[in-house]
Amino acid sequence: MLGDVDDEEFGLGTGSEDQRDLDETIHPRERQLELAHLIEHWVSSLTTETRALLDDEDITIPASKTDAIGLADDLSRLLDQITLEEVPWSAIGKIIPQDHDWAEWWRLTATFLKIVMENWPAHLEARGLMDPAQRQAALLDRRASRYEKQGSKGPVIIAGSTGSVPATQRLLKAVAALDNGVIVLPGMDKHMAIKQWQRLSVSYTQGDPSLETHPQFGLAQLVAKLGLERDNITELSGISGALEERTRIVSLALAPAETTADWYDSAQGFDAVKLSAALSGVGIVEAPGEQQEALAIAIAMREVLEQPGKTAALVTPDRNLARRVSAELQRFGVEVDDTGGTPLKITPAAQFLRNLIDVCFGDSGNVALASLIKNPFCLAGSSPVDARRHAGNFEIVSLRGVIHSPEPGFFETFLKQRREALSSAHHVLNAVRLVGDDDWEGLLIHAARIDKILEPLASLKQPQTLATMFGKLGEAAQALASDEAGDIALLNGLGGAELLALFEDFAITGAGLHQIAPEIFPRVFDALVGEQLVRPQYAANPRLHIFGPLEVRLLQHDRVILAGLNEGTWPQLAKNDAFLNRAMRQELGMASPERRTGLAAHDFQQLMGKHEVILTRSQRVDKAPTVASRWLQRLSALAGKDVTAQMIARGDNLLHLARRIDQLDVPASRAVRPCPAPPVDVRPKSLAVTDIELWVRDPYALYAKRILDLQPLPPLERMPDALLRGTLYHAIVAELIGKNDNINGADAMLAEACEIARRHIDQENLAPDLANIWYLRFCEIARDFVNWEIKRRAELAIVESHCETRGELPLADSTFKLRATADRIDRLQDGSLIVLDYKTGIRPSLSQARLTSPPLAPQMALEGAIARAGGFSGIPAGDLNKLAFYRLRRDKSAGEQDLSTSKLSENELADDMLAALGDLVRAFNNPARGYISRLHPFKENEISGDYDHLARTREWSFASEGDGDE
């Protein structure tokens, strides 16, 4: 294939006498980094004005070392192409742009290429090295020269080459001249009109570059350069009947665009019967989306296994589609390897290393830590079972609901601190309580091992050589992936061997001498892994295969599925390289970007020669409409409406099966709204006032929370959110009021409030910018709060204030007990009480807070009932003077809001709410009364409660699809 560099081609690999006295090839990784270093120097020399010239071009100015590594790949490909196509470097500097719009851009690019021309060959020569393409061309020429001078004692056969570069063409010519030499050209089309063939034979500079998209372009060029005539080339084995007719049809369908006007005349040779017979083995699947396409393909492959000995192959350049099909086949219990390759960067081994790099040098947040600790490779000397248990416990006690992540190398210390803190905490998750002493001891030992492994890597703070970075990474990865017997699980994982080879590259080549800062190592790692592919070493299923277009050449299968036939996927879009545009490449006589389209078309043409062919595409990809591949469009147009309908009908059979496989044989019944009725003796005998609202609104949620004792896990990545800010503000105000029973001046009280706020906020170790925002915001709120506090103290005879006070109240004629923690209760000189609740977010509406049937927001009134009865510790019983909210906010809603009305006093509201609670308790003491889901939901169309998924709310609450009403 154009631009491919492989010393093993034509048997020229290690051990060949043609390699004698040739310099060694520079290691690809070393070349990549050397060129990246060269690019970085060039970029550093650019001025602002010169940078602006590249804004609208394919070449982008690299902004970092990782960008430079990516651009070095483009430069490597250009070096290889220039060498293989034997374009003199001097010719590049002589190109004079005719288009003024890109003349300045070209001069800038030429300046950089001149740097490469002057420095790169000299750099290699000084080190006694060669570029891979340069060495390959030399090997090919040496072999050709030997055949020309010495001949060959045995037969020489070159099969499957299209001779895309001059050195290969010279070797082919030398072999063709041998008495015992044979060249086997792959898939030469002897059916296409001779005029078309001759048109394709025209050289690059004289012909139309669009002709390079034709599947026979490469072969026509090769035959012409070998001085041969197509008619004199012998066909090794012929085909007959319907398959021969199909070959003619495909050849005509893929004819150059300029000849499509002759289709009508050419098609007269195919009557409807012959046309239908020729394409009888072809089916077309036009799936609505990617999932349906993948499932239809999986069914087509699974169907093959029903016939003994029959084989099938999926061929597609779309690796995502290939992985989808592989996953769909697993539902049938069929494992198929994608021999087209899996990107190294998404293999389990690479993901493990990326997790390790993130934790040590990049994002060491809770998500990254959980990803590493729970990775199956993270064993640290434990068995897989023990490591999995330790990882789960580590997540529960150290990461869930924790803002600050433990630092790598200090996990054991962090765990000890957490254990001490949790032992004295008032509220602890049930999941944390389940971690027993033995679990803690095992977890601490496991964490200590991980600390010892990570410390040498995480301690790297200064720029290091890549050899050092990868060396430390390799040591840590292998130690972390070792089980109790010392076996390294990483070596057995997909991608593990390739990654270890990557480490060795930096240990034994000059590439490892490059220095980088540890903080950019994650991105450098990604850039170096790049698009490298990992291929399986053996086939999981001997009769089913998934290939890329290159891997399937010369292989035979009974059924071939050509998938992903959309423009931009197969064929892929032709793209300029980063340095030479189309016009420049044509001027230099180089292959245009369309050449790869021609090579892909050649693959398509050959694969259409199989007996059973299924062509598939998705009408939408990533929710966007697609355009059918040009080859599929041409074939359909030539076949005509009726024959195309027959091919689509065959494909529709697969789509029908794909739809049926997940279709229920009976109409889906609507889920039943849950309403469990547990025995009365297990129902709650005591609840906090905050649970009463949940009981009224969503009894099922209370059932799950208080009877089943199910607790939602805190988020893995807890953010400094409004809930934390509200908790802080409550604590600050409680301490402020506790220190200011005696009235102080407003300025002194405000200063004290801000000092308390600073201390509380600093204790949370928030990011400095966020801590300052919260501090300044509270100080603004505190100004209004202090003025309000001083004013009400002057107006009211407040004897004492109690903050965060706990209380309880047994209900009359019942065993039920109500509990509460009041934000603030003030006792006045006359013995009356003011119950105050601070709100930092949305408070319940006043109308709901006063409503007793049903009691949708009963918290304040019930706290008042407990206070009135003397249920709060240290506060004598007394009538209610006021029930009120105070909103700690900066907007117009800030300040005090009273619950009393002209029709209903605070005492009456408290009595009525207590009576409503008694009715609720008595109702649920009835064994027949169930805990129904979402009786009075907070919002009709919002299903985001902690227990809504357990209640399967989405399955019963909507009348029909798309109907948002309950």
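At what angle do the axes of helix α21 and helix α23 cross? Before I answer, a word on the basis of this presentation. This is a predicted model, in which local features need pLDDT of at least 70 and side-chain atom pairs count only at pLDDT 80 or more, while totals for chains, interfaces and linings use all residues. Residues are numbered from 1 along each chain as its sequence is written, and side-chain values use heavy atoms, with hydrogens and water left out.

Now to the answer. Helix α21 covers residues 466–480 and helix α23 residues 521–529; their axes come within 12 Å and cross at roughly 90 degrees. α21 is therefore roughly perpendicular to α23, a term that applies to angles of 65 to 115 degrees. Helices here are DSSP runs (H or I, at least four residues), numbered from the N terminus. Axes are lines fitted to C-alpha atoms, for helices over the stretch in contact, with angles from 0 to 180 degrees between N-to-C directions.

From α21, Leu-466, Met-469, Phe-470 and Leu-473 meet Phe-521, Val-524, Phe-525 and Leu-528 of α23, where contact means heavy atoms within 4.5 Å. The residues of this contact comprise eight nonpolar, no polar and no charged.

I turn to the aromatic rings. The structure holds 20 aromatic pairs, counted when ring centres of Phe, Tyr or Trp (its six-membered ring) lie within 6.5 Å. Phe-470 and Phe-521 form an edge-to-face pair, 5.2 Å centre to centre with 75 degrees between the planes; edge-to-face applies over 60 degrees, stacked under 30, and tilted to the rest. This pair links helix α21 to helix α23 across 51 residues. Phe-470 and Phe-521 are both buried, that is, under 20% relative accessible area with a 1.4 Å probe, protein chains only. Ring pairs also link Phe-470 and Phe-521 with Phe-361, Phe-503, Phe-506 and Phe-525 into a cluster.

A second pair joins Tyr-703 and Tyr-931: the centres are 6.0 Å apart and the planes at 35 degrees, so the pair is tilted. Tyr-703 lies in helix α28 (residues 699–707) and Tyr-931 in the loop between α34 (906–924) and α35 (953–957), so parts 228 residues apart in sequence are tied together. Both tyrosines, Tyr-703 and Tyr-931, are buried.

Finally, two arginines sit over rings. Arg-758 lies over the face of Tyr-775, 4.0 Å from the ring centre, and the charged end of Arg-929 sits over the ring of Phe-924, 4.5 Å from its centre. The criterion for Arg is CZ within 6 Å of the ring centre and within 35 degrees of the ring normal.

Technical notes. Helices (H or I, at least four residues) and strands (E, at least two) are DSSP runs, numbered from the N terminus. Angles under 35 degrees count as roughly parallel, over 145 as roughly antiparallel, 65 to 115 as roughly perpendicular and the rest as oblique. Ala, Val, Leu, Ile, Met, Phe, Trp, Tyr, Cys and Pro count as nonpolar, Asp, Glu, Lys and Arg as charged, and the others, Gly among them, as polar. Buried means under 20% relative accessible area, exposed over 50%, partly exposed in between (1.4 Å probe, protein chains only).
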